Amino acid sequence: MQTRRTRGLVVALLASALVTSACGLKPEVKDQLAQGGALGAGAVSQAGGEAGVDSGTGADVQAGTDAGAADAGTADAGTTDAGATGAGTTDAAAGSSTGGSSGGSTGGSAGGSTGGSTGSSTGGSTGGTTGGAKGAPAAEQQVGPNSKIGVDDKKKTLKIFLHGPLTGAGVPQDSFISGTPKYWKGKKVKGFTVEAEAFDDKYQPGPAVKACNSKAKEGFLIIGGAGTDQIQACARSQVLRRGNVPYLSAGVTTNGLTDLGHYFATSLTYADQARLVVAMAKKGGYLAPANGKGWAVVVSKTPNFADAQAAIVSALKGAGQKVTVINTPKTGGDSTAVSNQLREGDFKTVYFLGQPTFFIELVGKAGCPAYCPQWTGVGVSMGTNSIGSLACRGSGNQYKGEFLSPMPGLDKAGALAPGVRFRDDIEFGIYATMQVLEQMLKAVPGDSFTRESFITALEGKTFTGKISGTVNFSKGHFGGTGAHALKMNCGSGQHVTNGFYT
Amino acid sequence: MTPLALAPDTTYLAFEFSSRITTPVISGAINGAVYGLLGLGLVLLYKSNRIFNFAQGEFASVAAFTTYAGTAGFGLPKMPYVFAAILGVSAAVVVALLTERLVVQPLFNQPKVTLVVATAGTALLLIALEGFVFGAEGVGLDPVIAGDALTSGGLRVTNQGVFVVVVLAVLAALTALFFSRTKTGTAILAVSMEPTATSLVGIPVKRISALTWGLAGLLGGVAGILFAGNGGLLGPGALTAFALIPAFTAAVFGGITSLPGAFLGGVLIGIIQTLGARNIPESVVPDANQVVIFFVLLLTLLIRPAGLLGKET
Amino acid sequence: MTLTASRPVSPPADDAHSSGGREFGPIRWLPRVLVIALLAFWVLVVIPRSETYAPFAADAVIFAIVGLSLNIIVGYTGQLSLGHQGFFGAGAFAAAYAITVQSLPFWSTFVVAAGVGALFAALLGVAALRITGLYLALITLVFGVTLQRSLFEVPEFTNGGAGQPAERPEWLFADGRFYLFCLAFLIGVVYIDYRLTQTKSGRALLALKENERVAEAFGVNVTSFKLLAFVLSGAIAGIAGALYAYRIGNVTGDDFNFTLALTFVLMVVVGGLGNRLGVILGATLFAVLDGYLLEEVGFLHSFTEQIFRTPNLAQYDAQFLGALGLLLTIVLNPGGIAQQIQPFTRWLSGKPFSLHGDSESGPAAVEGSHVRA
């Protein structure tokens with residue numbers, strides 16, 4: 001009798017597998033095939049004059065070089081190329097230089113911008129392969145037709161995605177789901193309804209890329225919610241690069257992201273925030289610990305944090321502080337050994353960059369009141385309140401933490417987004433992100449949304465969200481301008497916004 | 001895609017004996033006590049059933065989560081910690097008994113490895129259930145006794161840490177006495193050696209089996225509550241992820257058939273782990289505290305499979 | 001799903017045992033051929049054309065290859081390996097490193113992956129000569145976790161937490177094509193596996209499972225065959241790892257955690273130890289369970305969402321179902337899926353449809369969890 005029951009279950013499982021897969025197949029509608037047809041470039045004719053002012057920093061691929069002067073365009077592209085680390089620039093340079101020169105001769109400003117934008121986007125995407133380690137040929141026919149994916153001109157809908165750690169991060173996750181569509185309720189952009197949906201990256205790069213790749217087939221653009229490794233891996237994914245899928249995230253690292261034409265950082269990278277940490281510490285009075293032992297810098301060891309680590313070390317040394325770096329395994333490792341080391345060194349100020357779960361453990365093990373350092377750092381972009389509360393809990397409510405964040409704290413929600421109720425700071429952070437995104441979508445000329453037109457509309461522009469502040473892409477795709485200081489208040493279980501640093 | 005040149009890993013403090021050796025040894029020993037407690041349950045089941053119980057970590061998690069639920073209230077009035085802890089340990093015992101009845105008994109005559117795979121399946125099932133009920137984000141459980149017993153330089157010994165060591169020592173001694181001095185204890189050993197013969201002479205094999213699993217659940221439950229109260233975050237499967245492998249290594253290293261061995265093994269593994277983590281920089285060997293465990297286990301199995309105090313394998 | 005591709009399409013010619021010994025005619029083979037043709041059409045034509053389904057199908061095929069690889073150790077030699085994700089991951093990183101850092105040609109990365117997988121497996125195989133049974137299971141478990149946490153985090157090889165990119169060549173970029181590419185590998189592995197069980201070495205391997213001493217008495221070189229099993233299994237797992245790397249495009253150490261190792265064991269046991277088709281079906285089931293099945297069906301999901309307070313924990317849904325499937329299989333139905341579908345496979349091979357297995361290919365042939373302690 002029992003056997004029959006199991007048999008039933010197994011058969012049911014199998015049957016459901018067969019049926020669902022069959023169901024998934026029949027409506028081939030899902031497989032969004034070519035909709036736009038026309039090569040995106042045609043639609044992208046945005047005036048070149050605005051599109052690109054070259055930075056000269058060489059940090060990023062500059063798109064439309066000034067269309068007026070052909071040779072200026074070439075020269076600019078040349079400097080970008082020389083300065084950039086990645087390979088993609090080679091292509092972008094070629095694109096913009098030819099575009100620029102032809103534009104110059106035929107007199108069309110559109111020529112310059114088209115050349116520039118397609119050059120940077122397609123070139124940027126294949127660039128990694130072409131100029132880099134490998135020599136695979138570039139075939140870019142798919143980019144054009146793909147560019148209308150996620151845009152339904154008939155129903156007037158725009159499908160966008162946000163990925164975050166719905167599971168596995170040690171912070172509450174439901175808010176990602178509820179927070180993502182929140183901003184768009186009852187709103188339209190140029191007559192389009194924005195359908196925003198969150199999906200799970202499991203707080204691991206592998207699943208993140210897998211999910212991003214599959215969502216790139218349905219969505220117009222993707223936003224990276226949290227997690228440096230996940231954001232970096234998704235942005236760099238071959239599928240996103242080839243599909244030229246606009247990808248936005250808070251600034252995390254420049255590692256591997258500088259040569260991507262479709263990636264935009266909407267806040268300062270962790271490395272760029274290093275000097276702000278010093279400024280914040282100075283104001284908070286913990287920059288120079290009285291015992292003269294200097295700072296401990298606890299950073300989880302991943303190449304994506306290498307730039308942040310180097311930046312904070314040099315910023316602190318510049319401020320005359322001794323620095324002791326403690327690298328931990330990516331997953332955390334032995335919190336006992338690390339907390340021992342912190343106590344031994346008697347570091348009164350600790351900079352932390354790593355997994356939230358490990359942070360909570362470390363604060364607990366450090367052991368207030370005997371040893372109760374000031375914790376500081378950058379960019380825990382979402383879920384700060386829950387992490388802070390757990391840290392408070394583990395330290396007998398004596399936890400002292402002040403971190404930089406791309407968003408102000410939830411305490412500002414009432415003033416900055418009146419009438420909206422937020423469950424927590426994750427919802428609030430996503431709301432703020434979407435607010436900036438709305439500005440970006442509005443910058444697309446006309447109502448012809450394509451991935452290319454969106455990317456071109458962003459390049460060189462400045463956007464201001466009421467909540468999070470200004471994003472300025474005039475110097476490249478890393479548009480952050482400042483960061484908010486969030487100071488934990490164990491009494492209220494919330495971070496308090498404690499100034500804005502630029 | 002070349003990674004940025006990595007900045008130098010650790011500006012290590014000058015070698016100081018106290019910070020490199022003494023402190024890690026003491027704090028490692030305290031960490032290891034929890035491995036020893038989990039290891040006791042593993043040894044118990046190995047002694048009696050000749051299996052490795054991969055669900056031991058989850059018996060522990062269940063107890064910790066239940067204790068948390070008791071103290072946090074969950075809609076009901078909040079319980080005092082002691083009652084919540086008793087409830088937690090009871091929950092672990094119940095889960096262990098259910099595992100015995102639903103998974104172990106039906107597989108009594110199957111090869112041992114099948115049974116081991118089944119215990120791993122049980123662990124996965126329990127982790128999923130914990131995830132359903134408590135969510136993935138993890139909870140924080142208070143220590144049994146708050147406060148520090150000693151802080152000096154880098155060293156910090158919490159009251160909870162001292163308590164864990166005492167509990168481990170007492171439980172190891174009690175279980176060892178149980179096996180050597182009581183009738184039931186000897187009956188358990190007899191069953192493990194000759195199941196058929198013992199049932200012929202009238203020892204109730206099934207009841208004995210339930211008793212051992214219940215005991216294992218109890219030991220696991222105690223370990224779970226003490227581990228979760230250490231300041232870490234208790235998520236679904238936390239104990240399986242962080243403590244099960246060190247506990248197995250502790251049990252094998254100390255001698256898989258020896259209860260005092262589990263005590264010794266646990267403490268030693270804790271010490272070796274923390275020594276490794278403190279003295280091997282991350283840039284030389286990533287996650288050194290996992291690597292040292294692998295080598296301890298491998299060398300034990302190759303050189304002396306019976307372990308430090310074990311008499312047979 | 002990968003049914004037809006995996007089974008050597010056996011025309012019902014060998015009906016020496018067929019009940020009744022009736023004449024072989026169109027009425028008997030037509031429906032069977034139709035079913036096979038339908039499945040083949042589905043597997044070879046429909047799936048590759050579906051952009052939604054092809055990536056999951058590729059996952060399923062890759063898992064099937066791993067399943068077959070694990071089956072060589074668990075199903076044939078009777079040893080339990082809980083560290084198979086280590087070989088799988090080593091192969092994935094080897095391929096990613098070869099193509100991204102060393103710029104080796106695409107095809108050669110599979111050779112590298114197989115070599116690295118085999119090397120790690122050989123190391124463990126040497127240990128397996130001295131350590132057996134439960135202890136071997138334990139050491140493989142710790143071995144796999146150590147690889148994941150330590151070796152897979154050495155930035156020079158794996159690029160640490162950022163992950164090592166492994167990009168597909170242009171001609172293989174489309175998911176449908178990549179799925180077919182994986183399928184070709186699966187067919188190759190099925191063939192190797194089939195040959196293995198047919199040759200002398202293969203029989204020797206199977207003999208090892210029954211009893212090492214008896215095998216030795218019959219002149220089987222236990223040591224070398226055990227090593228052979230490990231090396232072959234590791235090489236195949238390494239190739240699967242390479243495919244996985246190209247499937248995702250970016251590999252990180254986290255991808256190869258202990259849960260994956262358990263999933264591998266689960267799918268082989270639920271599929272039916274020692275049975276090729278069963279293992280492939282089990283692998284398919286587990287591969288699509290998390291990513292596709294639960295997302296698209298959702299009935300279990302809304303069920304758990306209503307009962308428990310936390311929504312969107314699809315991860316636990318899959319784990320719950322997988323674990324439950326495993327326990328039910330082991331406790332009540334040791335033959336696994338292989339045993340369940342036996343009436344159908346028997347019918348396909350030309351015998352009359354019957355829900356009861358017959359004596360010569362009944363549950364005994366599937367040999368549930370006959371793993372030596």
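Q: What share of the contacts in chain A between residues at least 6 apart in sequence joins residues at least 24 apart?
A: In this predicted model, 71% of such contacts in chain A join residues at least 24 apart, where a contact requires heavy atoms within 4.5 Å. Chain A has 19 helices and 16 strands.

Q: What makes a residue of chain A count as buried, and what percentage of the 502 residues do so?
A: The cut-off is a relative accessible area under 20%, and buried residues make up 63% of the 502 residues in chain A.

Q: Where is Arg50(B) placed, and what is its phi?
A: Arg50(B) is in the loop between helix 1 (17-49) and helix 2 (56-72) of chain B, with a phi near 60°, which is positive although the residue is not glycine.

Q: What describes the extent of the interface of chain C and chain B?
A: The contact takes 47 residues from chain C and 54 residues from chain B, while the area buried between these chains is about 4500 Å², with carbon and sulfur atoms giving 79% of that area. On the side of chain C that touches chain B, the elements that give two or more residues are helix 5 (106-130), helix 6 (133-149), helix 12 (258-271) and helix 15 (314-332) of chain C. By class, this side of chain C has 32 nonpolar, 9 polar and 6 charged residues.

Q: How many salt bridges and how many residue pairs in polar contact are found between chain C and chain B?
A: A salt bridge needs a side-chain nitrogen of Lys or Arg within 4 Å of a carboxyl oxygen of Asp or Glu, and across this interface the rule finds 0. Polar contact is counted for 6 residue pairs, both residues being at pLDDT 80 or more.

Q: Which residues have the most contacts inside the largest nonpolar core?
A: They are Leu37(B) and Phe52(B), in a core of 219 residues to which helix 3 (residues 53-77) of chain C gives the most, with 17 residues. Leaving aside residues up to four places away in sequence, Phe52(B) touches residues including Tyr46(B), Phe248(B), Leu134(C) and Leu138(C).

Definitions and conventions
Residues numbered from 1 in each chain as written. Chains lettered and ligands numbered in written order. Predicted model: local features only at pLDDT ≥ 70, side-chain atom pairs only at ≥ 80, totals over all residues. Heavy atoms only, no water. Buried area = accessible area lost by both parts, 1.4 Å probe. Polar contact = N/O pair within 3.5 Å; in protein donor to acceptor, adjacent residues only side chain to side chain. Helix = DSSP H or I, 4+ residues; strand = E, 2+ residues; numbered from the N terminus. Nonpolar A, V, L, I, M, F, W, Y, C, P; charged D, E, K, R; others polar. Core = buried A, V, L, I, M, F, W, Y, C linked by side-chain atoms within 4.5 Å. Buried < 20%, exposed > 50% of the residue type's maximum accessible area, 1.4 Å probe, protein only.
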